Amino acid sequence: MRSSTVLVLLLVLACVGYAQRPRSIEPEPVNKTAPAPAPVTVSAKYEGGVFGYNKTMEGTLTFDDVNNQLLFKDKKTPKEIHIPYDALTSAFADTQKRRPAAATVASNVPLYGIPAGFIKTKVRYLTLQYNDPDSKQYGVTSFRLENGDVLASVLARLVQTTGMTKRGDIYIRKKDVSKLTP
């Protein structure tokens, strides 16, 4: 009993000592490669935020440069969400860790639930803030995209199309001061 206690104590101390080791932090590369050009249409999942569309929908997100708008079309029903480029005030790429539904179910099963509770996947979102002067609607909406590469390319194209500037991790559209003063 005593030797097993000493062995467990030594194992715990070894783990704590290993966790306290110095880590090297590599600086962020200066020459970041530009993301691949975004396609005109990407598959996406609408997560909410636009007035009148409160349910999640799966469909396609399209850059409609002819009409100067971002267009989301639902797969099942003929619903369309139009966000004019001029209405976009900010955009950013968001990554969240989520537990898949199968892992949630498995974590509630006795004996198998402990390992399933640690399963998480990365979910990528394109989050947009808008203020539409025509309809007087404003808000924040998000679209779930396939992976990080698609998200980076869609965000780069949106920023280039709308003329937003980078401020920290987000992109914003600066207010036109000449329109504010009489």
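In the predicted model, Gln137 is found in strand S7, which covers residues 137-145. Gln137 is partly exposed, its relative accessible area being 29%. Not counting residues up to four places away in sequence, Gln137 touches Phe51, Tyr130, Asn131 and Asp132. Val50 lies 87 residues from Gln137 along the chain, and the C-alpha atoms of the two are separated by 8.4 Å.

Ser142 also lies in strand S7. With a relative accessible area of 15%, Ser142 falls under the 20% limit and is therefore buried. Its contacts, leaving aside neighbours within four places in sequence, are Lys45, Tyr46, Glu47, Gly48, Tyr125, Leu126 and Thr127.

Aromatic pairs were searched for in the whole structure, and 3 were found. In one of them, Tyr46 and Phe72 have ring centres 6.0 Å apart and planes at 35°, so the pair is tilted. This pair links distant parts of the chain, with Tyr46 in strand S1 (residues 41-46) and Phe72 in strand S3, 26 residues apart. Tyr46 is buried at 0% relative accessibility, and Phe72 is buried with a relative accessible area of 1%. Tyr46 also pairs with Phe143; here the ring centres are 5.8 Å apart and the planes stand at 50°, so this pair is tilted. Distant parts of the chain are again linked, since Tyr46 is in strand S1 and Phe143 is in strand S7, 97 residues apart. Phe143 counts as buried, at 1% relative accessibility. Through ring pairs, Tyr46, Phe72 and Phe143 form a cluster.

The largest nonpolar core has 29 residues, and Ile83 and Leu128 are those with the most contacts inside it. At least two residues of this core are supplied by each of S1, S2, S3, strand S4 (80-84), S5, strand S6 (121-132), S7 and helix H4 (148-162). H4 gives the largest share of the core, 6 residues. Leaving aside neighbours within four places in sequence, Leu128 is in contact with Leu70, Ile83, Leu88, Ser90, Ala91, Gly139, Val140, Thr141, Phe143 and Leu158.

Phe92 is found in strand S5 (residues 88-98). With a relative accessible area of 29%, Phe92 is partly exposed. Apart from neighbours within four places in sequence, Phe92 is in contact with Tyr125, Leu126, Thr127, Leu155, Asp169 and Ile170. Lys166 is 74 residues from Phe92 in sequence, with a C-alpha to C-alpha distance of 9.6 Å in space.

Side chains of opposite charge can pair when their charged atoms come close. A search of the whole structure finds 3 salt bridges. Arg157 forms one of them with Asp65, and the closest N and O atoms are 2.9 Å apart. Arg157 counts as buried, at 17% relative accessibility, whereas Asp65 is partly exposed at 36%.

A salt bridge also joins Lys73 and Glu80, with 4.0 Å between the closest N and O atoms. Lys73 is partly exposed, with a relative accessible area of 38%. Glu80 is partly exposed, with a relative accessible area of 32%. Arg173 and Asp86 meet through their side chains in a salt bridge with an N to O distance of 4.0 Å. This pair links distant parts of the chain, 87 residues apart: Arg173 lies in the loop between strand S9 (170-172) and helix H5 (177-180), and Asp86 lies in the loop between S4 and S5. Arg173 is partly exposed at 25% relative accessibility, whereas Asp86, with a relative accessible area of 64%, is exposed.

Asn68 lies in the loop between strand S2 (57-64) and strand S3 (69-74). Its phi is near 55°, a positive value in a residue other than glycine. Asn68 is partly exposed, with a relative accessible area of 45%.

On the surface, Val6, Leu9, Leu10 and Leu13 form a nonpolar patch, and together they have about 390 Å² of accessible area. Leu9, one of the residues of this patch, lies in helix H1 (residues 2-19).

Note on methods
Residues numbered from 1 in each chain as written. Predicted model: local features only at pLDDT ≥ 70, side-chain atom pairs only at ≥ 80, totals over all residues. Heavy atoms only, no water. Helix = DSSP H or I, 4+ residues; strand = E, 2+ residues; numbered from the N terminus. Buried < 20%, exposed > 50% of the residue type's maximum accessible area, 1.4 Å probe, protein only. Contact = heavy atoms within 4.5 Å. Phe/Tyr/Trp six-rings, centres within 6.5 Å; stacked < 30°, edge-to-face > 60°. Core = buried A, V, L, I, M, F, W, Y, C linked by side-chain atoms within 4.5 Å. Patch = residues over 30% accessible without salt bridge, like charges linked within 9 Å, V, L, I, M, F, W, Y side chains within 5 Å. Areas by Shrake-Rupley, 256 points an atom, 1.4 Å probe, with all protein chains shown as cover.
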